[in-house]
Amino acid sequence: MILYYAPFTCAVAAHIALEEAGADYEARRIDFSKTEQRSEDYLKVNPKGRVPALVTDRGIITELPAILAYIAQTFPAAKLAPVDDFFEFARVQAFNNYLCATVHVAHAHKLRGSRWTDDPAAIESLKAKVPETMSECFALIENEMFTGPWVMGEDYSICDIYLFTLCQWLNFDDVDINIFPKVADHNRRMLQNPSVQKVLAAHAT
Ligand SMILES: N[C@@H](CCC(=O)N[C@@H](CS)C(=O)NCC(=O)O)C(=O)O
């Protein structure tokens, strides 16, 4: 498999999941500073011009919840999701889709406001709202969605990997993770994970 990623983007989650799964993969970096995500070559990989994209022997998968589910299902021995329990797997998908469709989009208003408006004042207004919307999202995760000790309960899963990844953006979004004790403790435990450390080190180089 080939994982297309850009450092410290949401692609971190796909990268960690591949490590945790023990997958044989190559990680290919896309340089956002050179707008490589919109280059002719990369648009052939992902016409959306976004990372991550995972090249498999059956074709290319985009959208992080789909990529994470695919990795969990392809490597069941890694136990990254309850793949045989349809209800529990739906819970996993519900959590990850909330991160993708709501939390990630709230964060995107900070740097990518031009996706929604051309008005400079409106772009500033979208940016200013980010600490509030991200805080609301994380309050919901802390108080309603996080089962404990892991996101889904007793078993570690792709939800933990995805949550950890988006937590790395909170500081930039002017949200103090310590307001959310369960999430903050989860983040500290995730940072002890050797796969997480390996991927963060790779993104930092
Ligand atoms: N819904 C997509 C979102 C992917 C996405 O927006 N990725 C960002 C990085 S976190 C990106 O590639 N941004 C590049 C750009 O907007 O030009 C997913 O979950 O995979």
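Student: How many residues of domain 1 are in contact with domain 2, and how many residues of domain 2 are in contact with domain 1?

Tutor: This is a predicted model, and in it 20 residues of domain 1 are in contact with 17 residues of domain 2. The domain assignment builds domain 1 from two stretches, 2-79 and 199-204, while domain 2 covers 86-193, and the C-alpha centres of the two domains are 19 Å apart. Between them, domain 1 and domain 2 bury about 1,400 Å², and 67% of that area is on carbon and sulfur atoms. On the side of domain 1, Glu 20, Pro 65 and Leu 68 together supply 31% of the area it buries against domain 2, which is more than any other three residues. As for polar interactions, the search across the interface of domain 1 and domain 2 returns zero salt bridges, although four residue pairs, both members at pLDDT 80 or more, are in polar contact between the two domains. Turning to secondary structure, the elements that give two or more residues to the side of domain 1 touching domain 2 are α1 (11-21) and α3 (64-74), and of these α3 gives the most, with six residues.

How values were computed:
Residues are numbered from 1 along each chain as its sequence is written. This is a predicted model: local features need pLDDT of at least 70, side-chain atom pairs count only at pLDDT 80 or more; totals for chains, interfaces and linings use all residues. Side-chain values use heavy atoms; hydrogens and water are left out. Domain bounds come from an automatic or database domain assignment. Contact means heavy atoms within 4.5 Å. Buried area is the accessible area (1.4 Å probe) that two parts lose on being put together, summed over both. A salt bridge is a side-chain nitrogen of Lys or Arg within 4 Å of a carboxyl oxygen of Asp or Glu. A polar contact is a pair of N or O atoms within 3.5 Å; within protein, one must be able to donate a hydrogen and the other to accept it, and residues adjacent in sequence count only if both atoms are side-chain atoms. Helices (H or I, at least four residues) and strands (E, at least two) are DSSP runs, numbered from the N terminus.
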